[in-house]
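Open the model in your viewer and keep the selection panel at hand. We will go stop by stop.

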Amino acid sequence: MYRGIYRLIIAVCVLTNLLVITSGEGWGADRIITAVAGGGAFQANHGDNGPATSGYLWPAGITCDAAGNMYIADFQYNAIRKVDVATKIITTIAGTGAFGSSGDGGPATLATFSFPTRVAGDAGGNIYIADQFSGHIRKIEAATRTISTIANGGGALCLDTHGNLFFRSGNQIKEYNLVSGVVTVVAGSGSTGYAGDGGPAISASLGQSLDMYVNSTNDVYIADATFHVVRKVCPPHNSSRSNLRIG
């Protein structure tokens with residue numbers, strides 16, 4: 001049995017067993033919980049270039065790259081932060097801290113965001129960001145560190161094993177093919193509701209999807225906050241979108 005303090009909010013980075021605590025403390029019978037980022041007092045640069053545990057954060061989403069470095073969507077600071085797995089130093093890799101939606105085509109560090117909520121990374125080291133209030137999905141190129149907008153949407157996103165990025169756009173779930181750049185609707189008719197289970201995913205009615213997850217067999221799970229359900233689209237990678245089913 002495990003115990004924890006009320007209002008403990010955590011996120012786990014599986015690749016390196018890193019744990020982020022945004023508030024509170026906790027303990028377990030045979031496990032140790034440790035703060036690895038955040039917890040510092042407010043400061044002008046939010047703790048950049050210092051120990052990650054002295055940084056000031058409002059983390060809304062995290063991901064890790066193949067090396068184990070952690071990337072954090074810092075909601076309040078309007079930035080993407082990185083915790084180096086070797087040095088444990090935190091830096092800002094995208095965003096000036098100002099509210100906005102500018103900077104496409106230039107260095108990611110000079111871009112502005114509008115409350116980023118989710119972040120994901122592909123095998124090539126590119127970073128994808130769901131920018132909530134601007135309604136944009138943005139990409140940081142691994143090679144050049146430049147930023148661009150690749151699709152309209154925001155709030156939730158995830159990657160599958162076929163090189164596809166899934167994201168929320170209104171009351172629909174869309175897929176962005178990382179190779180071709182083609183965007184396809186995979187679930188949701190665009191209408192708000194809870195209907196369509198057992199039928200074609202593109203004909204279903206959805207509510208507000210706050211998060212998504214793709215498992216090892218590429219089934220997509222959707223957290224529908226409006227209707228308090230988790231729905232499943234399978235299989236998400238199929239040559240015929242009309243064959244996708246929702247349940």
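A residue counts as buried when its relative accessible area is under 20%. Keep that cut-off in mind throughout the tour. The model is predicted.

**Whole chain**

Start with a cartoon view. The protein has 21 strands and 0 helices. Now colour by burial: buried residues make up 44% of the 247 residues. For contacts between residues at least 6 apart in sequence, 36% join residues at least 24 apart.

**Stop 1: Thr112**

Select Thr112. Thr112 sits in the loop between β9 (89-94) and β10 (116-121). Is Thr112 buried or exposed? Its relative accessible area is 10%, under the 20% cut-off, so Thr112 is buried.

Show the side chain of Thr112. It reaches the backbone nitrogen of Ser101 at 3.0 Å. Next, display the contacts of Thr112, leaving aside neighbours within four places in sequence. Among them are Thr96, Ala98, Phe99, Gly100 and Ser102. Asp131 and Arg138 are also in contact with Thr112.

**Stop 2**

**Stop 3: β7**

Zoom in on β7, residues 70-74. How many of its residues are buried? The count is 5 of the 5, so β7 is largely enclosed by the rest of the structure. Show its side chains. In a regular strand, side chains alternate between the two faces of the sheet. On one side of β7 are Met70, Ile72 and Asp74, and on the other are Tyr71 and Ala73. Both faces are covered.

**Stop 4: the neighbours of β7**

β6 and β7 pair in the antiparallel sense over 5 bridges. Pick Ile62, whose bridge partner in β7 is Ile72. Then follow the chain through the hairpin that β6 and β7 form, with 5 residues between the strands. Stop at Gly68 in the turn, which has a positive phi of about 100 degrees.

β7 and β8 run antiparallel and are joined by 5 bridges. Select Asp74 and look across to Ala79, which stands opposite in β8. β7 and β8 also form a hairpin, with 4 residues between them. In that turn, Asn78 has a positive phi of about 55 degrees.

Carry on to β9. It is joined to β8 by 4 bridges, and the two strands run antiparallel. Select Lys82 and find Thr91, its bridge partner in β9.

**Stop 5: Asn126**

Leave the sheet and select Asn126. Asn126 lies in the loop between β10 and β11 (127-131). What is its relative accessible area? The value is 13%, and Asn126 is buried.

Which backbone atom does the side chain of Asn126 reach? It reaches the backbone nitrogen of Ala142, at 2.9 Å. Finish by showing its contacts, again leaving aside neighbours within four places in sequence. They include Ala120 and Gly121, together with Lys139, Ile140, Glu141 and Ala142.

Methods:
Residues numbered from 1 in each chain as written. Predicted model: local features only at pLDDT ≥ 70, side-chain atom pairs only at ≥ 80, totals over all residues. Heavy atoms only, no water. Buried < 20%, exposed > 50% of the residue type's maximum accessible area, 1.4 Å probe, protein only. Contact = heavy atoms within 4.5 Å. Polar contact = N/O pair within 3.5 Å; in protein donor to acceptor, adjacent residues only side chain to side chain. Pairing = 2+ DSSP bridges.
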